[in-house]
There are 2 protein chains.
Amino acid sequence: MSKTRGRVTLPSESGFLNKTRELMERWGADAIRDSDGTKLDRDVKSLDAEIYTTYFAARGHNEFAVKHMEECQQLYLMSRRFTAVGNHLEMDFMEGYFGQQVVPDCYHDPKKWWEVMDRTTGQAVPASRWELTGASMPEGFGDGREFKGVFDGAGEAAESNESEAITAPMRVVMEHALPFHEYTVSFLVYAVWDPTQMYNHITNNWGDKPHEIPFDVRQEASGLFAREYLAQWLKDNPDTDVVRFTTFFYHFTLVFGSDAKEKFVDWFGYGATVSVKALEEFRAEYGYALRPEDIVDNGYYNSSFRVPTRHYRDYMDFIQRFVAGKARELVELVHKAGRKAMMFLGDSWIGTEPYGAYFPKIGLDAVVGSVGGGATLRLISDIPGVSYTEGRFLPYFFPDTFYEGNDPVPEAVENWICARRALMRKPVDRIGYGGYLSLACRFPGFVDYIEKVAEEFREIYGNIGGSRPFCGLKAAVLNCWGKLRSWQPYMVAHALWYKQTYTYFGILEALSGAGVDVTFMSFDDIRSSGIPEDVDVIINAGDAGTAWSGGDEWLDEQILTAVRRFVWEGGGFVGVGEPSAAERGGRYFQLADVMGVDKEQGFTLSTDKYHTKQADSHFITQDVLRDESGRLDLDFGEGMKNIYALGADTEIGEFSDHEVHLSAHPYGRGRGVYLAGLPYSHENTRLLIRSMYYAASKEKEMKIWFSDNLYCEVHGYPEAGKYAVVNNTSRAQSTVVYDGDGHGVPMELGPCEIRWFDL
Amino acid sequence: MSKTRGRVTLPSESGFLNKTRELMERWGADAIRDSDGTKLDRDVKSLDAEIYTTYFAARGHNEFAVKHMEECQQLYLMSRRFTAVGNHLEMDFMEGYFGQQVVPDCYHDPKKWWEVMDRTTGQAVPASRWELTGASMPEGFGDGREFKGVFDGAGEAAESNESEAITAPMRVVMEHALPFHEYTVSFLVYAVWDPTQMYNHITNNWGDKPHEIPFDVRQEASGLFAREYLAQWLKDNPDTDVVRFTTFFYHFTLVFGSDAKEKFVDWFGYGATVSVKALEEFRAEYGYALRPEDIVDNGYYNSSFRVPTRHYRDYMDFIQRFVAGKARELVELVHKAGRKAMMFLGDSWIGTEPYGAYFPKIGLDAVVGSVGGGATLRLISDIPGVSYTEGRFLPYFFPDTFYEGNDPVPEAVENWICARRALMRKPVDRIGYGGYLSLACRFPGFVDYIEKVAEEFREIYGNIGGSRPFCGLKAAVLNCWGKLRSWQPYMVAHALWYKQTYTYFGILEALSGAGVDVTFMSFDDIRSSGIPEDVDVIINAGDAGTAWSGGDEWLDEQILTAVRRFVWEGGGFVGVGEPSAAERGGRYFQLADVMGVDKEQGFTLSTDKYHTKQADSHFITQDVLRDESGRLDLDFGEGMKNIYALGADTEIGEFSDHEVHLSAHPYGRGRGVYLAGLPYSHENTRLLIRSMYYAASKEKEMKIWFSDNLYCEVHGYPEAGKYAVVNNTSRAQSTVVYDGDGHGVPMELGPCEIRWFDL
C-alpha cells in the first residue's frame with residue numbers, strides 16, 4: 001500500500017526543524033502545533049503544514065491583570081466546618097485554602113455577598129448575627145494600585161501591606177452560636193492564579209516565574225482587552241493558521257489546599273464563573289437572586305453527580321449564553337483575519353459545553369480533545385456543528401513516560417486499540433500528539449508504531465469518512481443531564497479512574513465502539529417531548545441519588561409512566577447498579593415492576609424471598625465462560641448488594657452470595673434487564689450488547705454485522721459499501737463473521753488486525 | 001462434687017414415666033412440661049416436680065369460635081401491585097394469599113375500612129373511584145350460622161355457599177385508573193387459622209385435623225369466654241402448678257401464600273391485633289382515626305426496621321395497654337387458683353413486650369423463651385418484674401436433629417458455650433428443653449452432656465445468683481426503639497440468620513457476654529431525658545434509614561447536639577455500618593465530625609482524599625492477627641463501601657480496597673470509633689471491647705477482670721466475693737488473667753472450662 005498523508009498533527013519545538021520534517025514525512029503529518037512550554041521555530045512555516053498556535057484568552061497577560069485586580073476572576077468557597085462549643089465562635093474561613101491562589105473578596109460587602117450556614121439545621125445565619133474581623137485586601141483591588149502578588153495565607157498578605165495598622169487575623173465571628181452546631185462560611189474570593197499554570201508551576205518547580213492571573217471578560221476592561229489583544233495578536237502572528245484556544249474564559253473548578261496540593265477538582269465545575277457582576281446580571285435577567293448556597297451547595301459545589309436544582313440550571317444557562325456570545329466575538333476576529341478557530345476541550349472550557357444549546361453559535365471550526373479511550377473519543381468525534389474534530393492521543397511525549405529504560409509503545413497500543421473501537425463508529429477527523437517531539441524521537445520503536453497508527457487511521461477515515469455505520473439498535477442513556485453531558489457521565493476529573501465510577505463508566509466505554517446508535521436523554525427531555533419512537537432501549541445506571549441514576553426524578557409520575565408505557569409497548573430497559581432508585585410506596589427501585597428486582601433496604605426482610613434460582617442458561621449470559629464448578633465468570637466491578645427477585649417471572653441470570661446480580665423480566669411486550677455493574681472489558685461489552693438486544697426483544701436481530709468471538713467486532717457501512725472486521729486484542733483470533741443478512745463465515749485475524757471488505 | 005438438683009425443666013410425654021423419672025434424677029430436673037403435640041401422663045404428678053401445662057388463651061376452642069366468627073381475629077393485608085394499562089383496572093386483591101388462612105371482611109363496609117392506594121403517587125384513591133365486586137362472606141360471619149371452614153381461595157369459598165346466585169369473582173374495580181400507575185388494595189380480612197397451628201399442621205401433614213380459629217378477646221363474647229374457660233380449666237387441671245401461656249392474644253404477623261408456604265413473617269408484627277372494634281376504640285381514645293395505610297405501611301407493615309411513625313407508636317401503646325389489662329385478668333384467675341403464671345416469649349406475645357411500660361402490670365410469675373445464643377439469653381434473663389426466667393435451650397428433641405446417625409451433642413455444645421457467656425453476666429433462673437424426651441433418650445452421649453450442662457448451670461447460678469458482676473463500662477445502644485426492643489435489634493423472625501443483619505447482630509451477641517453494662521436507649525429517651533451521666537459509650541449501628549441506624553432522627557438538632565456534647569465532654573461513640581446516616585448539609589453521616597469518616601455518595605468525589613494511610617499499630621487492633629504479608633486478619637461481615645477519612649486526625653485502623661473499615665477520631669475530650677461491620681466471633685468481641693474502651697478514653701482501665709487471650713473471659717463478682725475464668729472454646733487455652741486491681745497471672749484452662757475463685 002502506498003504511503004498516505006494528512007489528518008495528523010505533530011507537536012514541535014524550537015531548534016528541532018529537521019527532525020520535525022522527518023517525522024512529518026514518516027507520520028504523514030500536515031499540521032504542527034506548539035505545546036505547553038514549547039515554542040515553534042520561526043522557520044517552521046517552511047514546512048508543508050498548517051501551524052496551530054495555542055492561545056490563552058483570559059490569562060497570561062499580567063501586564064493588564066495587575067492593574068485591574070477588581071476584574072480578576074472569582075469563586076465562592078465554603079470554609080471548613082466549625083463546631084460551636086459555646087456561643088462564641090471564631091471561624092478562620094480561609095483555613096485549608098491556598099493563599100497564593102485565592103484572596104477573600106472584602107471589597108464587595110461581605111454582609112451582602114457572603115453567607116454563614118448552620119449545617120446542623122441547614123439554615124442560613126442572618127448577617128446581623130456574625131461579623132467579619134481583620135478584613136483587608138492586598139493592594140490592587142479597586143484601590144487604583146498595581147497588584148504585587150500575595151504570599152502564603154491572607155494574614156501574611158495583610159502584613160505585606162504598607163499600612164501601619166496592625167491587623168487582626170481575618171475571621172468570621174459569632175457571639176450567639178448554638179452549641180454543637182456546625183457552621184460554615186460561604187465567601188467570595190478572587191482567584192489570582194490560573195489553575196492550570198498553578199498546577200504546572202508547582203509540579204515543575206517554576207520558582208519565581210510570574211503567576212498568571214485570570215481575568216474575567218464579563219468585566220468591562222477585561223472584555224475589551226481580550227478582543228483588542230487578540231486582534232493585535234493575529235497581526236503579530238501571521239504564520240498561525242489555526243488559533244488553538246486553550247481555552248476561553250473560565251477554568252473548570254480546581255482549588256488547591258494550603259499545602260499547595262489539589263484540594264478540589266471538578267472538570268465540569270462552574271466555580272470560576274462567579275462574580276458579583278454575574279450575580280447582579282443574573283438577578284436582573286431572572287428576577288431572583290442566587291444565594292451563595294446555590295453555588296456552594298453544601299460543599300458539593302453542584303458536582304455533576306448532584307441532581308441539578310432549577311437555580312443551578314438557570315445559572316448554567318446564563319453562563320453558557322454569555323460564554324458563547326463572548327467566544328463568538330473572538331472567533332469572529334479570527335475568521336476576519338483569515339484563520340481558523342479551534343477549541344481545546346478542557347481547561348477553561350466551562351460554558352462552552354459542545355453538546356449544549358449555545359455551542360454552535362460560537363462558530364468554531366474545530367475542537368481538539370484528549371483521548372483516553374473509546375468514550376472520550378466519542379465525546380470529541382460526536383460534537384456537532386464544527387468542521388472537524390481532532391483527538392489528542394496518548395501517551396504525551398513527557399518525561400514521565402519517555403524516559404530511558406521505559407517502552408512507551410504498550411501504552412500507545414492500548415490507547416489506540418481502545419479508541420479504535422470508537423473510531424470505527426464515528427471517527428475524529430484528525431489525530432495528534434502533544435509534548436516534546438525531541439523526547440519521542442529517542443524511541444525509534446515508538447516512532448515506527450505511530451507511523452503504523454497514522455496509516456491505519458487514514459485508512460479507516462478514508463474508508464468510512466462521514467458515512468453512517470449500521471446500527472442494530474438505538475439506545476438512550478437516561479440521566480439528569482442528557483445530551484449536555486453526552487459521553488461524560490460518571491466523570492469527575494477528566495478520564496481519571498474512581499472506585500465509585502468505573503463500574504458505570506464501563507457502559508459508556510462499551511457503547512462507544514458498539515454497533516448501536518447511542519443517544520443521551522434527560523428526564524426533562526421525557527417531560528417535554530416523551531421518549532422518541534426510534535429508541536429501542538433505555539439505559540439508566542448509577543448510584544442511588546446521583547444525577548446518573550436520577551434520584552427524586554423517579555418520584556415524578558410523568559417519568560415513571562412514560563418509561564413504563566415505553567417498555568410495556570415493547571421497548572427495553574436496562575438498569576445498572578441502582579437504576580430508578582428512590583424509596584417510595586414500598587419500592588426502592590421505582591421500576592422494580594419493570595425489572596422484576598428490587599434492592600432490600602431492610603424493610604422487606606419480613607417478606608419471604610423464594611426466587612433465587614439461577615437460570616440454567618440465558619440469552620444474555622450465553623457467551624460467558626464458566627469455571628470448573630460451572631460458575632459463570634462474570635465481573636460486576638463494585639457490584640450491588642441486596643438485590644432480590646420479586647417473583648417467579650424474574651429470569652435470574654446470576655445469583656450468588658444471596659443476591660441477584662443479573663436478571664431479566666418481561667413487562668407487557670417489553671423487558672427490563674438488571675445488571676449489578678459493568679466495568680469495561682470485552683466480555684462485559686458483549687454482556688451489555690446481549691442485554692440490550694434481549695431487553696428490546698430483538699435477540700434474533702443481533703447476529704447482523706456481528707462476530708461470534710467477543711474479542712472481535714464487525715462494522716457494516718452500507719452507505720460506504722464496505723464492512724470491516726476488527727480484532728480488538730493483541731492476540732490472533734478466530735471468529736465467525738455474520739454479514740448484513742446474518743450469514744456467518746469463519747475468519748482468522750492477526751493481532752490487532754482490521755480487515756476491510758467491499759459490500 | 002456432690003450432685004445438685006433443681007432449676008431444670010424436662011419435657012415429658014405420655015407412657016414415658018419411668019424414663020422421665022430417670023432423666024429427672026440424672027439432670028436434676030424439678031419441673032416437667034408438656035410440649036407442642038405431647039400430653040403428660042396422668043400419673044406424672046407422682047414425680048417430685050412442678051407441672052407446667054401449656055395453655056392457649058385465644059385459640060384451640062373451635063366449639064366457641066365457629067359460632068362467633070365475627071369475633072375472629074383480623075388483619076389488614078396489602079394486595080400485590082396492579083399496573084393499570086388503560087383506565088379500567090380489576091384487582092384480584094386476594095391473589096397470592098392463602099384462602100384457608102384469611103377471608104376478606106366484606107361484613108364491615110369496605111368503602112369505610114379498606115383503602116385503594118396509588119403507589120405511583122403515594123395517594124389514596126377516593127372510595128368513590130372504586131367498587132368491590134363479587135363480595136360475599138362464608139357463612140358464620142354475623143349471619144348467626146356456624147362457620148364450616150373455607151377452601152382454597154375466596155372464589156371457591158363463595159362457590160361453597162349454598163346461595164343459588166352465581167357470584168362474580170371478588171375484585172376491586174376502577175374505571176378511571178391512571179395508565180401505568182401501580183395500585184394496591186389494603187383490605188381487612190378475618191384470620192381463620194392460627195398461624196402456629198397452621199405451620200405445624202401443614203409441615204406435619206395433619207390432614208383433616210380441625211384448623212384452630214383465633215378469636216379476639218377484645219370482642220365481648222370472646223373476652224368473656226377466655227376468662228370463663230380458664231376458670232373452668234384451672235378446676236379441671238388440678239395437677240398443673242404452672243400455667244404456661246403460649247401465649248396470650250395476638251400472634252406475631254405470620255401470613256401464608258396461596259402456595260401454603262410462608263409469605264410474610266415479622267416476629268414483632270402487630271398485624272393480628274387489628275380489628276374494626278380496635279380501630280373504633282383507638283379513634284375514640286386518641287381523637288383521630290388510623291388509616292389502613294398506617295398499618296399496611298407500603299407493604300412494610302411497620303417492620304421494626306422502619307423508623308416508627310407517631311401513629312404507629314400510638315397504636316402500639318394502645319394495643320400494649322389493652323393486652324396487659326386482659327392478660328392481667330387471666331393471670332389473676334391463675335393466682336386465685338393458687339397456681340403460677342408463666343409466659344412463653346413468642347407466638348401470641350404481641351402487646352406483652354417484656355421491656356415495655358405495661359408488662360409489669362400483667363403480674364406474671366415467670367417468662368420462658370428460646371435461647372439461640374447470648375443475646376437471646378439476655379433478652380430473657382434481663383426481663384424485669386418477674387420472679388424468674390427460664391431459657392429453653394437447643395436442640396429441640398425433634399426428629400430433624402435426633403435421628404439415627406446424627407450426633408446432637410455438637411449443637412448442644414455450641415448452644416451452651418455461646419449462651420454461657422451471657423449466663424455469666426446475667427443468668428436465667430432456670431433452663432429447660434423441649435420436644436420428645438423419648439427421642440433424646442436414645443442418645444446416651446447427649447444425656448450425659450446435658451447432665452454436665454445442668455450441673456454447670458447450677459454451679460454458675462449458685463455462685464453468682466442475683467449478684468451484679470463487675471462492669472468496666474456502661475454502653476448505651478442507641479436506636480429508634482431503645483429499651484422496648486432490648487436485645488432485639490436486627491431481628492426479623494426470632495434468631496434466624498439474615499445476610500442483612502448478621503453484621504450488626506454480632507454487636508449484641510458480643511455485648512451479651514462482655515464485662516459491660518448494656519442499656520438500650522432511644523432517640524425519644526435523649527429528647528426527654530438526655531444522655532444518662534453514667535453512660536461511657538454510645539453505640540449506633542445499622543443500615544441507613546433503618547430504625548437501628550435512626551434515619552431522619554439524625555436530622556433532629558436536639559439529638560445531634562446532645563450526642564456531640566456527650567462525646568466532646570469525654571464520652572465515646574462507636575458507629576457501625578451506617579451510623580447517624582441521613583444526607584444533609586454536605587454530610588451523609590451526621591456525626592462525621594465525631595467519627596472523622598463519612599460515606600462517599602458520589603457528591604464529594606471532587607474533593608481530594610489524601611488520608612488513606614493505615615496506622616502501623618493501634619490500641620483497637622492490638623489483638624488482631626496478621627497474615628504473612630502483615631495484613632490485619634479482620635472480618636467486617638458484609639462491611640461497608642466507600643467510607644473515607646475526613647482529615648489527618650482520623651486514626652485509620654484498617655484501610656483496604658480504597659476504603660476505611662476501622663477508624664478512630666478525637667472529638668473534644670472524647671472519641672468516635674467507626675467499624676464497617678461486626679459479625680459475631682471471639683475476635684470481633686475483643687475488637688468491640690477495645691473500640692469501646694478506646695472511645696471512652698478508658699484504655700488504661702481495660703485490663704481489670706480481663707483475659708489477655710481473647711478466647712477466654714474473666715468475670716468478677718464483687719458482691720458475691722468471687723471471680724470466674726471461662727474458656728469459651730473447645731480447645732485448651734493459656735492466658736494471663738487480670739484481677740480487679742489489674743494484676744495479671746498466667747493460667748491454663750481445659751476445653752470449655754470455667755474456673756472459680758474466691759476474692
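Modeller: Happy to. One term first: helices (H or I, at least four residues) and strands (E, at least two) are DSSP runs, numbered from the N terminus. This is a predicted model, where local features need pLDDT of at least 70, side-chain atom pairs count only at pLDDT 80 or more, and totals for chains, interfaces and linings use all residues. Residues are numbered from 1 along each chain as its sequence is written, chains are lettered from A and ligands numbered from 1 in the order in which they are written, and side-chain values use heavy atoms, with hydrogens and water left out.

Biologist: Where does A:Pro395 lie?

Modeller: A cis peptide bond joins A:Leu394 to A:Pro395, with omega about -5°. Most peptide bonds are trans. As for its place, A:Pro395 is in the loop between strand S18 (388-392) and helix H12 (409-425) of chain A.

Biologist: And in chain B, what is omega for the bond that joins B:Leu394 and B:Pro395?

Modeller: B:Pro395 sits in the loop between strand S18 (388-392) and H12 of chain B. The peptide bond from B:Leu394 to B:Pro395 is cis, and its omega is about 0°.

Biologist: Which loop holds A:Tyr301?

Modeller: Most residues other than glycine have a negative phi. A:Tyr301 has a positive one, near 55°. You'll find A:Tyr301 in the loop between helix H8 (292-296) and helix H9 (310-336) of chain A.

Biologist: How far apart are the centres of domain 1 and domain 4 of chain A?

Modeller: The bounds come from an automatic or database domain assignment. For chain A it gives domain 1 (1-47 + 371-465), domain 2 (60-147 + 163-317), domain 3 (471-700) and domain 4 (705-756). Domains 1 and 4 of chain A are in contact (heavy atoms within 4.5 Å), through eleven residues of domain 1 and 14 residues of domain 4. Taken over C-alpha atoms, their centres are separated by 26 Å.

Biologist: What about residues 474-699 of chain A: how far apart are the end C-alpha atoms?

Modeller: The unreviewed UniProt entry annotates this stretch of chain A as "domain: Lacto-N-biose phosphorylase central". The chain there is 21% helix and 26% strand, and its end C-alpha atoms are separated by 14 Å.

Biologist: Which strands stand at the edges of the seven-stranded sheet of chain A?

Modeller: Two strands pair if DSSP finds at least two bridges between them. The open sheet runs S21-S20-S22-S23-S30-S29-S28 in chain A, with mixed pairing. Each edge strand has a single partner, so one side of it is left without a neighbour in the sheet; these strands are S21 (516-522) and S28 (651-656).

Biologist: In that sheet, which residue is the bridge partner of A:Ile538?

Modeller: Strand S22 (residues 537-542) and strand S23 (residues 572-577) of chain A pair in the parallel sense, over six bridges. In S23(A), the partner of A:Ile538 is A:Phe573.

Biologist: Over in chain B, why do H1(B) and H14(B) count as oblique?

Modeller: Axes are lines fitted to C-alpha atoms, for helices over the stretch in contact, and angles run from 0 to 180 degrees between N-to-C directions. Angles under 35 degrees count as roughly parallel, over 145 as roughly antiparallel, 65 to 115 as roughly perpendicular and the rest as oblique. Helix H1 (residues 17-27) and helix H14 (residues 444-464) of chain B have axes 8 Å apart and pack at about 45°. That angle makes H1(B), relative to H14(B), oblique.

Biologist: Which residues of H1(B) meet H14(B)?

Modeller: On the H14(B) side, the residues include B:Phe446, B:Ile450 and B:Arg458. From H1(B) come B:Leu23, B:Arg26 and B:Trp27.

Key
UniProt positions are given in the numbering used here, feature names are shortened, and annotations may be inferred rather than shown by experiment.
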